[in-house]
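Hi,

Here is the structure I promised to pass on.

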Amino acid sequence: MKFKTVMLAVCGAAALSCALIGCGKKTTQAVVQSYGLKDAFKGHFLFGSAINEDQVSGLDTAGANIIKTHFNTIVAENVMKSEKINPKQGYYNWAPADEFVKFGEDNDMFIVGHCLVWHQQLAPWFPYDAQGHYVSADTLKNRMREYIYTVVGRYKGRVHAWDVVNEAIDDDGTYRHSPYYDILGEEFIPMAFQFAHEADPDAELYINDYGMEKPARCQRYVQIVNDMKARGIRIDGIGMQGHMGMDNPWMHEFETALEALAGTGCKVMLTEWDMSALPTITDNADITENTLYSDSLNPYISGLPADVEAQWSERMDSVLTICMNHADCFSRINVWGVSDGDSWRNDWPVKGRTEYCLLFDRNHQMKPFLTKYLKK
Ligand code: GLA
């Protein structure tokens, strides 16, 4: 073989292996395999994650390969929030959400839209008039209808389910003071579900919150869902976000809440699962929490000690076991991010910590506690 031919063959092989292992900015070893966690949990529940723009575009090749191997459901981490999709009145930024939906379709996934009504990451103009005062109830109702019809309508028949209302209830079971509640009262929740159902009658519709194990919040959701069902308003599922820590929630609390929510007849799901391995600052997931950094709050910069990892793994495994034991009413797990380096919890509630809260480490390696599930 001539030198040129040899060189072409070498370059071709290099290019092929590059394509297989991924040469994106964040490349590591992960390749697309045929059998993954989604297959291991088939028959129990759907298994997936929130995904970001780098994974959708292929810039994070290793992350995208994990998603294709292990997940059969995805939710948009950010691109479908109102501040992103409708940042100015009359202007919609569709491209990132369109690409997210296409990624899900190309990979035959159950696609969840997140989220239609939430007081955080809300488009800044949405509840205000030109003077910066709250709009009237009629105006907000009209804006909600138009927004929900436009967003849900665009993806009608393509996005299979929507988180319609997110984080509406406080820890003590009272309605959270948000622009939606302050302007429209409790009715904003059934109203949003009704609009979403009108926009896509076939889409599943969910309500979602953190800290569902807190009895007052859990009971309030049971009441809200039962009331909506009694009025004939469609609601299919209740999302327990599942932003957990090493000491919250206790497993019996998680299981009790799951059973109480399932008692409504709705599907229950773990929608934003992650478990911090770091010292606990708070047992809620209010994204406005902000604690000052100190080294003592960030103890594992160069790796998680074996005893902490063992404890973390045991807790994660207990959550999976509880979910599997309730497969009759429990339908889906979405982890909130793919690998530890991607997680919002590196910066919340303390900025700049080294977190170990997801199923794949910073090098895109699966956490050891999961490997037993992959044995066929
Ligand atoms: C909440 C939201 C998510 C996400 C997380 C943190 O749980 O529902 O969309 O913003 O906070 O990133």
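**Cavities, pockets and ligand**

The second largest cavity is lined by five nonpolar, five polar and two charged residues. Its lining consists of Met244, Gly245, Asn248, Ser276, Pro279, Thr280, Ile281, Thr282, Arg345, Trp348, Pro349 and Arg353. The volume of the second largest cavity is about 60 Å³. Please keep in mind that this is a predicted model.

Now the other cavities. Searching the whole structure gives four cavities of 30 Å³ or more. The largest cavity holds about 100 Å³. It has 15 lining residues, and Gly211, Met212, Glu213, Gly242 and His243 are the closest to its centre. The lining of the largest cavity splits into seven nonpolar, six polar and two charged residues.

The largest pocket has a volume of about 350 Å³. Its lining counts 18 residues, with Lys81, Gln121, Ile287, Trp336 and Trp344 closest to the centre. By class, that lining has six nonpolar, seven polar and five charged residues.

The second largest pocket comes to about 180 Å³. Leu304, Glu309, Trp312, Asp340, Tyr356, Asp361, Arg362, Asn363, Gln365, Met366, Lys367 and Pro368 form its lining. Five of these lining residues are nonpolar, two are polar and five are charged.

Where is the ligand? It sits in the largest pocket. Around the ligand are Lys81, His114, Trp118, Gln121, Asn166, Glu167, Gln241, His243, Glu272, Ile287, Trp336 and Trp344. This shell has four nonpolar, five polar and three charged residues.

- Histidine 114: a side-chain N or O atom is 2.5 Å from an oxygen atom of the ligand.
- Histidine 243: a polar side-chain atom lies 3.1 Å from an oxygen atom of the ligand.
- Glutamate 272: a side-chain N or O atom is 2.4 Å from an oxygen atom of the ligand.

On its own, the ligand exposes 300 Å². The protein buries 96% of that area.

Best wishes

Note on methods. Residues numbered from 1 in each chain as written. Predicted model: local features only at pLDDT ≥ 70, side-chain atom pairs only at ≥ 80, totals over all residues. Heavy atoms only, no water. 1 Å grid on protein atoms, 1.4 Å probe; cavity = no way out; pocket = protein on both sides within 12 Å on 5 of 7 lines; lining within 4 Å. Points joined across faces, edges and corners; volume = space filled by probe spheres on them. Nonpolar A, V, L, I, M, F, W, Y, C, P; charged D, E, K, R; others polar. Near = heavy atom within 4 Å. Polar contact = N/O pair within 3.5 Å; in protein donor to acceptor, adjacent residues only side chain to side chain. Areas by Shrake-Rupley, 256 points an atom, 1.4 Å probe, with all protein chains shown as cover. Sits in = over half its atoms within 2 Å of the grid points.
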